[in-house]
Amino acid sequence: MVKKTSDNEYLKKVELVSPKTAILKNSLLAFIGGGCVCLFGEIFFNIYTALLRDEKLARTLVSIMFIVITAALTGIGIYDRIAKIFGAGLSVPISGFANSVCSPAIEYAVEGHILGTAEKMFSLAGAVIVYGCSLASLYGFIYYFFLGGNA
């Protein structure tokens with residue numbers, strides 16, 4: 001005969017064996033990690049702006065720099081180690097997206113360039129690209145034809 005446990009008893013058992021999360025520590029590390037990323041970006045933005053005298057180009061260069069650095073650190077296996085320490089602080093959209101594209105590509109590279117790297121590269125990020133481009137196109141269509149968009 002199987003003994004049935006109630007939902008409350010089950011939840012109590014799960015709580016006993018589940019590891020405790022250090023919320024304050026994790027929040028502080030995420031804040032520090034995200035702050036360092038933003039500080040790094042701001043420093044380079046100011047450098048690019050001073051050198052090039054063009055804020056729009058400086059913003060573009062900072063974004064490209066974050067993508068390249070994240071992809072390089074993911075490729076040599078350092079980004080994942082840093083992300084384990086700082087958690088969500090490093091998941092700012094641009095670096096988190098670059099990591100989500102590079103990680104599967106590296107993992108499946110042993111299967112070849114087409115069936116491994118190219119196919120798996122957009123397995124996670126593909127949905128973001130598809131829906132992002134689709135909604136941007138829809139918004140552009142609405143803006144141009146219904147709101148008289150003169151960009």
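**Figure 1. Overview of the predicted model, by burial and by secondary structure.** Buried residues, meaning those under 20% relative accessible area (exposed being over 50% and partly exposed in between, with a 1.4 Å probe and protein chains only), make up 20% of the 151 residues in the protein. This is a predicted model, in which local features need pLDDT of at least 70 and side-chain atom pairs count only at pLDDT 80 or more, whereas totals for chains, interfaces and linings use all residues. Residues are numbered from 1 along each chain as its sequence is written, and side-chain values use heavy atoms, with hydrogens and water left out. The protein holds seven helices and zero strands, where helices (H or I, at least four residues) and strands (E, at least two) are DSSP runs numbered from the N terminus; read from that terminus, the elements run α-α-α-α-α-α-α. With contact taken as heavy atoms within 4.5 Å, 47% of the contacts between residues at least 6 apart in sequence join residues at least 24 apart.

**Figure 2. The largest nonpolar core.** A nonpolar core is a set of buried Ala, Val, Leu, Ile, Met, Phe, Trp, Tyr and Cys residues joined through side-chain atoms within 4.5 Å. The largest one has nine residues in all, namely Val-37, Phe-45, Tyr-48, Ala-58, Val-62, Met-65, Phe-66, Tyr-79 and Leu-90. Helix 2 (23-52) and helix 3 are the elements that give two or more residues to this core, and helix 3 provides the largest share, four residues. Ala-58, one of the core residues, is in contact with Phe-45, Tyr-48 and Thr-49 when its neighbours within four places in sequence are left aside. In soluble globular proteins, nonpolar side chains tend to be buried together.

Figure 3. Thr-70 lies in helix 3 (residues 55-75) and counts as buried because its relative accessibility is 4%. Not counting residues up to four places away in sequence, Thr-70 touches Tyr-79, Ser-95, Ala-98 and Asn-99; of these, Tyr-79 is also one of the residues of the largest nonpolar core. Gly-35, in helix 2, has a relative accessibility of 36% and therefore counts as partly exposed. Gly-35 and Leu-90 are 55 residues apart in sequence, and their C-alpha atoms are 9.2 Å apart in space.

Figure 4. Rings of Phe, Tyr and Trp (its six-membered ring) pair if their centres lie within 6.5 Å, and planes under 30 degrees apart count as stacked, over 60 as edge-to-face and the rest as tilted. By this rule the count comes to seven aromatic pairs. One of them, formed by Phe-44 and Tyr-48, is tilted, with 6.0 Å from centre to centre and 50° between the planes. These two residues are separated by about one helical turn, because Phe-44 and Tyr-48 are four residues apart in helix 2; Phe-44 is partly exposed at 25% relative accessibility, whereas Tyr-48 is buried at 19%. The pair of Phe-141 and Phe-145 is tilted as well, since the ring centres are 4.8 Å apart and the planes stand at 55°. Phe-141 and Phe-145 both lie in helix 7, four residues apart, about one turn of the helix; Phe-141 is partly exposed at 44% and Phe-145 is exposed at 53%. Ring pairs also link Phe-40, Phe-44, Tyr-48 and Phe-66 into a cluster.

Figure 5. A salt bridge is a side-chain nitrogen of Lys or Arg within 4 Å of a carboxyl oxygen of Asp or Glu, and a search of the whole structure finds one. The side chains of Arg-59 and Glu-55 meet in it at 3.3 Å, N to O. Being four residues apart in helix 3, Arg-59 and Glu-55 are separated by about one helical turn. Arg-59, at 48% relative accessibility, counts as partly exposed, and so does Glu-55, at 44%.

**Figure 6. A nonpolar surface patch.** Patches are made of residues with over 30% relative accessible area and no salt bridge, like charges being joined within 9 Å and nonpolar side chains (Val, Leu, Ile, Met, Phe, Trp, Tyr) within 5 Å. Leu-135, Leu-138, Tyr-139, Phe-141, Ile-142, Tyr-143, Tyr-144, Phe-145, Phe-146 and Leu-147 form such a nonpolar patch, with about 1100 Å² of accessible area together. Tyr-144 has its place in helix 7 (residues 126-146) and counts as exposed at 52% relative accessibility.

Note on methods. Accessible areas come from the Shrake-Rupley method with a 1.4 Å probe; for residues, only the protein chains shown count as cover.
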